[in-house]
Amino acid sequence: MSTVGCCVSTSPTISSPPISSAVLQNHSHGWHRMQPRRFLQSAPPRPSRRPEFAFAFDIDGVLVRSSDPLPRAQKALRYLQSQRIPFILLTNGGGKHESERVDDLSKKLEVPLDTSMFVQSHTPFADLDEYKNRTIMVVGGDEDKCRRVAERYGFKTVVTPGDILMAYPDVWPFSQQLLPYYKTFSRPLPAPIDPTSPSTSLKIDAIFVYNDPRDWGLDTQVIKDVLLSHKGIMGTLSHKNGDASRPNKGYQQDGQPPLYFSNPDLLWAAKYHLPRLGQGGFREALEGVWAALTGGSKAGVSLQKIVIGKPHQPTYEFAEKRLLAHRKQLLAQQAANLEPLKRVYMVGDNPESDILGGNSYKSPHGIDWISVLVGTGVHVAGTTPNHIPRMEVGDVWDAVQWAVEREE
Ligand code: G3P
Ligand code: MG
């Protein structure tokens, strides 16, 4: 089955007759949208015992809205488990350790899940061994939950903006009313901020935004301080900043730490009926402040950063590796003559992350990722998304039915 272009999902590949009852609406650009009429209330037909396909499910807007399970999410996952069809959960969310989030979701959906089939936005950070014995700053999430996730990944010295505020309240004058909040989970700094003694002053070797920041003001201030510092030494200012003779006008050219973002989502589907700003919103705000401080693109300055998460290739490669390992484990009994995985149905609600990611991912294993857009989250059914899915359906159960029918 050829891989690219939405046209692939035109009827030649969709065999089973029930589909022809005009549930598919043909759209000018060939992408198919399934009307929310359920053609098979009962379970789809039994797929082969060694399915050459699998699923990757987004979470927010597909399986849950904030903490509330979506109506047919349980049915979809239970059906796949009953048929031993492999699937993983691939989310741009995070903020808790994978084991905690899996426990939460298993309870909410009443479906047994485990970390071998689970990828959060920051999960790939666990592989960044080069920073495990250095001092990192972790930003975002509730209280210092993300610090504790990083520590469980093996990072030994983890500082948060809240720790810095508690030690030096003047670093950000506008969160004083939050000091009691930060007091409950902040920790003493591993070193003082002392610009008079840079060699002993607190030095940050990498900045990781693990989850949606709660205190954009403090986090923006502290990240900006580190990025304008000399070698990440808090309280210092690099003399190279603004030097037009240097690349990026001297900004981030003086041994400053790398800046990682785990999730590019500008918007996400939470409980509120309209999408909410996500980690991408914070990053855009930070980029705005950075441009104002440095002159920005007009001055040839950009904010140098590493952004992972859907739709980015490294996150899909990480997820595909996890899916292949999980599939092998799940279908171990058939290992002897297990066909290679050929197709993954990427079911998501956000065209900017799930669909763009599924469409543009180049699998090193030649696996065809087929993007399926649902209308239970960010995307509003009936509107034309910026990135065209291979199929649009009502909800996650429709997605499973359509895919299994197609595979049949
Ligand atoms: O913060 C989470 C949000 O950006 C989206 O999560 O599960 O829809 O990828 P998800
Ligand atoms: Mg989503």
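Q: What volume does the largest cavity have, and which residues lie closest to its centre?

A: Rolling a probe the size of a water molecule over the atoms shows where empty space is left. In this predicted model, the largest cavity has a volume of about 150 Å³, and 16 residues line that cavity, with G140, G141, E143, Y182 and D219 the closest to its centre. A search of the whole structure finds 1 cavity of 30 Å³ or more.

Q: Where does ligand 1 sit, and why does it lie between domain 1 and domain 2?

A: Ligand 1 sits in the largest pocket. Domain 1 (18–120 + 311–407) and domain 2 (124–307) both contribute residues to the shell around ligand 1, so the ligand lies between them.

Q: Which residues surround ligand 1, and how do they divide into nonpolar, polar and charged?

A: The shell consists of D58, I59, D60, T91, N92, G93, D212, N263, D265, W268, K310 and D349, and these residues divide into 2 nonpolar, 4 polar and 6 charged.

Q: Which side chains have an N or O atom 2.8 Å from an oxygen atom of ligand 1, and how much of the ligand does the protein bury?

A: An oxygen atom of ligand 1 is 2.8 Å from an N or O atom in the side chain of D265, and the side chain of K310 likewise places an N or O atom 2.8 Å from a ligand oxygen. For N92, a polar backbone atom is 2.8 Å from an oxygen atom of ligand 1. Taken alone, ligand 1 exposes 310 Å², of which the protein buries 96%.

Notes:
Residues numbered from 1 in each chain as written. Chains lettered and ligands numbered in written order. Predicted model: local features only at pLDDT ≥ 70, side-chain atom pairs only at ≥ 80, totals over all residues. Heavy atoms only, no water. Near = heavy atom within 4 Å. Polar contact = N/O pair within 3.5 Å; in protein donor to acceptor, adjacent residues only side chain to side chain. Areas by Shrake-Rupley, 256 points an atom, 1.4 Å probe, with all protein chains shown as cover. 1 Å grid on protein atoms, 1.4 Å probe; cavity = no way out; pocket = protein on both sides within 12 Å on 5 of 7 lines; lining within 4 Å. Sits in = over half its atoms within 2 Å of the grid points. Nonpolar A, V, L, I, M, F, W, Y, C, P; charged D, E, K, R; others polar. Domains from an automatic or database assignment. Points joined across faces, edges and corners; volume = space filled by probe spheres on them.
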